Amino acid sequence: KEGGFPTFRDRLDSLVYNITFSLPSQPGRVTQVTYSTVSPLTPMEQDGLKNVRAQMSYDTAGGVVSGYTLRLRIPFTFLGFETNPAKLYEKPPVSFSGEPTAPEQQNGIGEAATLGFTALVYDVDDPARPNEVTVQATSKYQQSNPSTFGTLVLEPSSLYYGEVHPTYLEQVRSGLSLAGY
């Protein structure tokens, strides 16, 4: 804020979650999922935890495994949100009279749609060789210091990058018109 000094969270609190996915030896569903947090989970967060899912598959190039892909689903309820927080920043639909059908919402990203986030990968090829462990992170990460976390921004569906222009729009319209639509 202008004229002030920013404050950073430098200690873990009740809003910091750690979710660990241990990859299976073969591709498929990841069944070993653990979590930790400073305070106990609320009933809503516990319900969300039941729906955390992960799937691992190998990346192949010419029949040779070149890596792996991990797909995750972490419900917003596990993170303490009843719904996607980015929806708070969507513009409401406009009626035919040009008036908004609901009170005007903020258009853009705000605090509620921005989460501290770091993805950390521990690659252990052989547990007997600890000097061959590879650690990669999406930010300069210190486990107990939230100010080192990266940022995950949840974009409202009304905001997007790029534009789409249908190249054959006139041909589609004339074809639909000829077909009676």
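Strands here are DSSP runs of E with at least two residues, helices are runs of H or I with at least four, and both are numbered from the N terminus. This is a predicted model, in which local features need pLDDT of at least 70 and side-chain atom pairs count only at pLDDT 80 or more, while totals for chains, interfaces and linings use all residues. Residues are numbered from 1 along each chain as its sequence is written, and side-chain values use heavy atoms, with hydrogens and water left out.

## The protein as a whole

Stepping back, the protein has 2 helices and 9 strands. Read from the N terminus, the order is β-β-β-α-β-β-β-β-β-β-α.

Of its 181 residues, 17% count as buried, that is, under 20% relative accessible area; over 50% is exposed and in between is partly exposed (1.4 Å probe, protein chains only). The accessible surface comes to about 14,000 Å², and carbon and sulfur atoms hold 54% of that area. These areas come from the Shrake-Rupley method with a 1.4 Å probe, and for residues only the protein chains shown count as cover. Among contacts with a separation of 6 or more, 50% join residues 24 or more positions apart.

An open sheet is formed by 3 strands in the order 2-4-5, with antiparallel pairing. Strand 2 (28-29) and strand 5 (64-73) are at the edges with a single partner strand each, so one side of each has no neighbour in the sheet. Two strands pair if DSSP finds at least two bridges between them.

Strand 4 (residues 53-61) pairs with strand 5 over 9 bridges. Gln 55 stands opposite Arg 71 in strand 5.

## A nonpolar patch

Which residues form the nonpolar patch on the surface? They are Leu 23, Tyr 58, Val 65, Tyr 68, Leu 70, Leu 72 and Val 121, with about 550 Å² of accessible area together. Patches are made of residues with over 30% relative accessible area and no salt bridge; like charges are joined within 9 Å, and nonpolar side chains (Val, Leu, Ile, Met, Phe, Trp, Tyr) within 5 Å.

Strand 5 gives the most to this patch, with 4 residues. Val 65 lies in strand 5 and is partly exposed, because its relative accessibility is 48%.

The structure holds 1 salt bridge, a side-chain nitrogen of Lys or Arg within 4 Å of a carboxyl oxygen of Asp or Glu. The side chains of Glu 132 and Arg 129 form this bridge at 3.6 Å, N to O. Glu 132 is partly exposed at 36% relative accessibility, and Arg 129 is partly exposed at 43%.

Glu 132 also touches Asp 123, as do Val 133 and Thr 134, not counting residues up to four places away in sequence. Asp 123 lies in strand 7 and is partly exposed, with a relative accessible area of 28%. Asp 123 and Gln 136 are 13 residues apart along the chain, and their C-alpha atoms are separated by 8.3 Å.

Conventions: Contact = heavy atoms within 4.5 Å.
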